[in-house]
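Dear colleague,

Here is the structure I promised to pass on to you, and my notes on it follow directly below. Please read them with the model open beside you.

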Amino acid sequence: MTAITETPETLEPQDGLVLSESAARRINTLAEAEETPNMMLRITVSGGGCSGFQYSFAFDDKVNEDDRLFERDGAKVVVDSISLELLEGSQVDFIEDLIGSYFAINNPNASSSCGCGTSFSI
């Protein structure tokens, strides 16, 4: 797990990535609805998409040997070590707006991203 330094103005990851309050709240809501208390959001990065790499989101109840676990307010996110190299310093957020609701990644390593929000390049 990673420690998160929180002040009223900022959320700063000390190591890896940080979960926003809205992302943590949504993960917890989905886990409760599925009655699966050990459910975690798994984020992976793979080659493909319209910009070179793409994010994938799925729910899982297992932590693999090469996974890193991140937590906020009881919500858990797992990322494999290879994907984490491309996500280092990112923020995971949950957005609710007129076009829908979705998990989003604010990735400081991405030099560009696609309009769909799920693919990026470095």
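Aspartate 61 and lysine 62 meet through their side chains in a salt bridge, with 3.8 Å from N to O, where a salt bridge is a side-chain nitrogen of Lys or Arg within 4 Å of a carboxyl oxygen of Asp or Glu. Aspartate 61 counts as partly exposed at 45% relative accessibility, whereas lysine 62, at 54%, counts as exposed; here buried means under 20% relative accessible area, exposed over 50%, and partly exposed in between, with a 1.4 Å probe and protein chains only.

Before I go further, please note that this is a predicted model, in which local features need pLDDT of at least 70 and side-chain atom pairs count only at pLDDT 80 or more, while totals for chains, interfaces and linings use all residues. Residues are numbered from 1 along each chain as its sequence is written, and side-chain values use heavy atoms, with hydrogens and water left out.

By the rule above, the count of salt bridges comes to five. One of them joins arginine 25 to glutamate 21, with the closest N and O atoms 3.4 Å apart. These two residues lie four apart in helix H1, which means that about one helical turn separates them; helices (H or I, at least four residues) and strands (E, at least two) are DSSP runs, numbered from the N terminus. Arginine 25 is partly exposed at 48% relative accessibility, and glutamate 21 is also partly exposed, at 47%.

Another salt bridge brings together the side chains of arginine 42 and aspartate 67, at 2.8 Å from N to O. This pair links distant parts of the chain, since arginine 42 belongs to strand S4 and aspartate 67 to strand S6 (residues 67–72), 25 residues apart. Arginine 42 and aspartate 67 are both buried, and a network of salt bridges links Arg42, Asp60 and Asp67.

Leaving aside neighbours within four places in sequence, isoleucine 43 has contacts, meaning heavy atoms within 4.5 Å, with residues including Phe57, Val79, Leu87, Val92 and Ile105.

As for the strands, an open sheet of three has the order S3-S8-S9 with mixed pairing, where two strands pair if DSSP finds at least two bridges between them. Its edge strands are S3 (18–19) and S9, each of which pairs on one side only. S8 and S9 run antiparallel and are joined by seven bridges, and aspartate 97 stands opposite glycine 100 in S9.

S6 and S7 also pair in the antiparallel sense, over six bridges, with arginine 68 having valine 79 in S7 as its bridge partner. These two strands form a hairpin with two residues between them. Which residue in the turn has a positive phi? That residue is aspartate 73, with a phi of about 50°, and at 58% relative accessibility aspartate 73 counts as exposed. For context, most residues other than glycine have a negative phi.

Aspartate 80 lies in strand S7 and is buried at 15% relative accessibility. Its side chain is joined to that of serine 83 by a polar contact of 2.8 Å, a term for a pair of N or O atoms within 3.5 Å, of which, within protein, one must be able to donate a hydrogen and the other to accept it, and for which residues adjacent in sequence count only if both atoms are side-chain atoms.

Finally, serine 90 is found in the loop between H2 and S8 and is buried, with a relative accessible area of 1%. The side chain of serine 90 reaches the backbone oxygen of leucine 87 at 2.7 Å, and it also makes a polar contact of 3.3 Å with the side chain of asparagine 107.
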